[in-house]
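Hi everyone, thanks for making time this morning. I'd like to walk you through one structure, so let me put it up on the screen.

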Amino acid sequence: MDVDSGADGSVPEVPMVLIGNSSDVGWKYGKYCDPFNKSKVKCDFCGHISTGGIYRFKKHIVGVDNVVSSCKKATPEAKEACKKALEKVTATKGIKRQHEQDLRDDVHISSSVGEGVSNSEPNKVGPMDKFVRPIDGKSSKEEALRQLSMNEALFKERVHQASQYVARWVYTHAIPFNALDNDEFKQMCEAIGKFGPGYEPPSQFDLREKLLTEEYARTKSLLDDREAQKNKLGCTIMTDAWTDMKRRSIMNVCMHCSGGTSFLKSKETSDVSHTGEVIFELVDKSIEEVGAEHVMQVCTDNASNNMAAKKLLLEKRPKIFWTSCATHTINLMLQGIGNIKRFKSIVDQAQKVTIFIYAHHKTLAYMRKCTKRRDIIRPGVTRFASNFLTLQSLAEKRDALRGMVVDRAWEEMPIVKTKKGKDATATLMDANFWKGVTLCLKVFEPLFCLLRLVDGDGKPSMPWLYGEMLKAKTKIKEAFGNNEKNYRETIAIIDKKLKGRLDSPLHKTAYLLNPHYTYANKEIFDDSSMTVALMRCAEQYFGDDEISLKKMINGEWLLYENMEGPFKKNLASSWERADYNPVGWWKLYGTEVPLLQKMAMRILSLTSSSSGCERNWSVYEMIHTKRRNRLTIDRLNNMVYIQFNTRMLSKRQRLKDKKKADSLVSNDASEAQGWLFEGGDDHALVVFRDDEDGDQGVHPATGIPYDVIGEAMGAQEQLQVRRSARVRDLEEEEFESEEEDVLQDDDIEYEDDDEY
């Protein structure tokens with residue numbers, strides 16, 4: 001509909017719909033009476049107006065108590081749906097209250113008992129104190145209620161005064177607001193409250209020395225269960241390199257087992273080039289510390305120096321596998337496909353639209369009104385993730401955006417009449433553009449689903465990687481209508497990056513050992529390439545133990561392949577479910593094939609990605625800021641160990657509680673700059689390089705690759721684009737996430753290179 005502009009040239013108000021901006025089930029049966037008074041909801045059945053918002057309206061539908069009038073005309077289906085929604089809210093609140101109480105109960109402060117010191121605990125104020133303050137028993141009922149109301153007001157005032165001191169500390173020292181929304185902060189407040197008045201905070205020396213050592217030991221003890229999992233099912237060693245703010249080069253080592261990823265250590269390597277020998281020595285020493293008998297594989301990216309280290313390690317430890325990072329490889333696939341002309345042109349067109357809208361306050365404000373204050377841009381953890389998520393967001397808001405640009409208010413904005421404005425309008429009204437967006441999403445989505453699998457910590461990804469990669473290729477072909485001429489270039493890029501990286505004997509053997517694929521299609525066992533991969537993997541796994549190798553291949557494997565013995569039981573058909581646990585399946589049904597069972601459980605417990613190792617560089621940047629760059633490597637190592645492992649433990653607990661967050665979504669817009677201003681992609685912090693596409697030459701005298709020498713000389717640092725103040729945050733106001741209930745990790749703040 002047309003909307004006239006205001007007399008002062010301001011952006012006009014857009015008529016709002018009468019349905020709430022959420023997926024709450026209540027909106028199926030009611031709507032707002034007035035879009036500007038969101039507390040009043042009108043019932044579609046009886047016309048009753050509830051004045052307490054959608055929550056109270058659902059009580060009206062269900063008729064749960066005498067406080068809210070019940071609907072006499074609501075259908076049984078509506079009552080049941082609203083009842084379940086109310087029960088879910090009640091259960092969620094109950095779980096949250098119980099969690100907070102558990103946090104309080106976990107805080108123990110010993111009381112001092114001695115001469116002149118009372119052994120009674122300090123006077124604590126809790127949530128119930130506002131209701132149980134002493135009231136004069138002789139007072140009347142009205143006076144007692146009035147006194148109770150005054151007590152509640154005084155309690156709120158005391159809480160407010162205490163909160164003012166917390167806020168003052170937060171504002172003065174630029175503490176991120178979400179730092180207060182974690183369990184450790186709540187326990188700290190509870191501990192100080194239990195101690196009572198006179199508490200003296202620890203000194204800087206205590207934080208650097210004694211307390212840091214104690215917390216390091218405590219964190220290490222929390223990982224004891226992972227030690228048990230490592231001993232039983234094996235583990236993966238992951239490594240990567242980083243340069244800090246003092247231009248010191250630090251190599252990072254992490255370990256992954258079935259319990260998740262944990263940080264092991266870091267080592268300063270500023271005085272040496274990152275050659276294959278240096279990486280090999282670090283990895284080999286880490287394997288020795290963890291226990292060579294427990295290490296199944298080493299996982300890194302495919303850089304030439306890592307491949308040189310791989311050769312050295314296989315010579316010394318031939319039973320340990322060395323694999324390429326699946327996350328890195330899939331991102332290389334996305335990078336290659338994104339450079340194909342037909343896809344690049346669509347992304348370029350879409351970026352011009354968002355750049356125009358976000359460059360002007362009026363267009364941005366009007367867009368947010370038309371999309372119910374939902375941003376178009378959705379930042380991802382990489383540039384490619386930002387492209388996919390933002391195209392997905394555009395497709396979801398297609399009708400709202402097309403309605404926006406045909407509105408009179410949009411047309412009358414002076415900035416829209418410029419060439420860029422006309423181009424943005426034409427793009428949003430172009431049917432071919434939207435067809436291109438749809439094709440991009442159909443082609444990219446299978447790979448991004450796979451990326452979520454390998455980059456997440458929900459379950460070991462090795463059993464699923466190869467099978468889901470084959471499915472992704474099939475879906476991509478279907479997106480092109482199974483026309484070989486159309487999909488040939490895209491599939492060729494995938495196959496090129498896949499070869500030698502994600503199709504190793506270990507990957508294919510994990511595929512064979514997952515009955516979810518092989519029992520569903522028995523022809524997989526007849527593939528000669530799979531048989532060869534199994535033989536090579538088994539030979540490396542068993543090493544010199546030829547007796548066990550022959551027994552497993554010639555006896556136990558045939559039972560599994562032919563579905564004989566325990567594998568033919570009806571209960572064993574649980575492999576048909578997509579959410580079944582391959583390791584648990586082998587534990588239950590592999591008892592008659594002990595050698596194959598142990599090999600299968602150890603292989604299927606592995607990760608296929610080293611992204612967990614790369615993820616803690618953000619932790620380094622937070623700890624090693626410009627103001628704290630005097631930290632020694634040992635202290636830096638300990639602080640990263642504590643922070644990274646604590647985060648991973650918390651994330652693991654959230655996964656157990658089924659509070660999942662999208663691993664592709666980022667909390668900041670550093671990887672979405674290309675959608676905010678022209679040339680923004682050059683400011684991406686995460687860069688994926690493929691040695692196959694670069695210079696593979698080596699120095700004739702030393703044998704060191706020229707790219708490693710260039711890195712040591714700082715060539716890339718000299719030539720790289722400098723981030724400046726122009727790197728934009730998505731919000732100058734407030735960014736509203738697409739997912740209202742998604743859990744957010746701590747924000748990561750980046751400082752300008754130009755300030756150094």
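Let's begin at a glycine: just after helix α4, Gly196 takes a positive phi of about 95°. Before I go on, please keep in mind that this is a predicted model.

Now back up into the helix itself. Helix α4 covers residues 183-195, which is 13 residues. From its first C-alpha to its last it reaches 18 Å, close to the 18 Å expected at 1.5 Å a residue. At its start, a side-chain oxygen of Asn182 comes to within 3.2 Å of the backbone nitrogen of Glu184. And which residues of α4 are buried? Phe185, Glu190 and Lys194 are.

Next, the nonpolar packing. The largest nonpolar core has 108 residues, and Met404, Trp585 and Trp586 touch the most other members. Helix α17, residues 431-455, gives the most to this core, with 14 residues. If we set aside neighbours within four places in sequence, Met404 is in contact with Ile357, Tyr366, Met367, Cys370, Trp410 and Leu428. There is also a second, separate core of 19 residues, and Leu282, Ile287, Ala309 and Leu313 are among them.

Phe343 lies in helix α11 (residues 341-358), while Phe480 is in the loop between α18 and α19, so the pair ties together parts 137 residues apart in sequence. Are these two buried or exposed? Both Phe343 and Phe480 are buried.

Compare that with Trp585 and Tyr589. Their ring centres are 5.6 Å apart and their planes at 55°, so this pair is tilted. Both lie in helix α24 (residues 582-589), four residues apart, about one turn of the helix. In general, an α-helix has 3.6 residues a turn, so residues three or four places apart point the same way. Trp585 counts as buried at 2% relative accessibility, and Tyr589 is buried too, with a relative accessible area of 11%. The two also belong to a cluster linked by ring pairs, together with Tyr519, Phe525, Trp557, Tyr560, Phe567, Trp575 and Trp586.

Last stop, charges over rings. The charged end of Lys93 sits over the ring of Tyr55, 5.3 Å from its centre. Lys459 lies over the face of Trp464, at 4.3 Å from the ring centre.

Definitions and conventions
Residues numbered from 1 in each chain as written. Predicted model: local features only at pLDDT ≥ 70, side-chain atom pairs only at ≥ 80, totals over all residues. Heavy atoms only, no water. Core = buried A, V, L, I, M, F, W, Y, C linked by side-chain atoms within 4.5 Å. Buried < 20%, exposed > 50% of the residue type's maximum accessible area, 1.4 Å probe, protein only. Helix = DSSP H or I, 4+ residues; strand = E, 2+ residues; numbered from the N terminus. Contact = heavy atoms within 4.5 Å. Phe/Tyr/Trp six-rings, centres within 6.5 Å; stacked < 30°, edge-to-face > 60°. Lys NZ or Arg CZ within 6 Å of the ring centre and 35° of its normal. Expected span 1.5 Å × (residues − 1). Polar contact = N/O pair within 3.5 Å; in protein donor to acceptor, adjacent residues only side chain to side chain.
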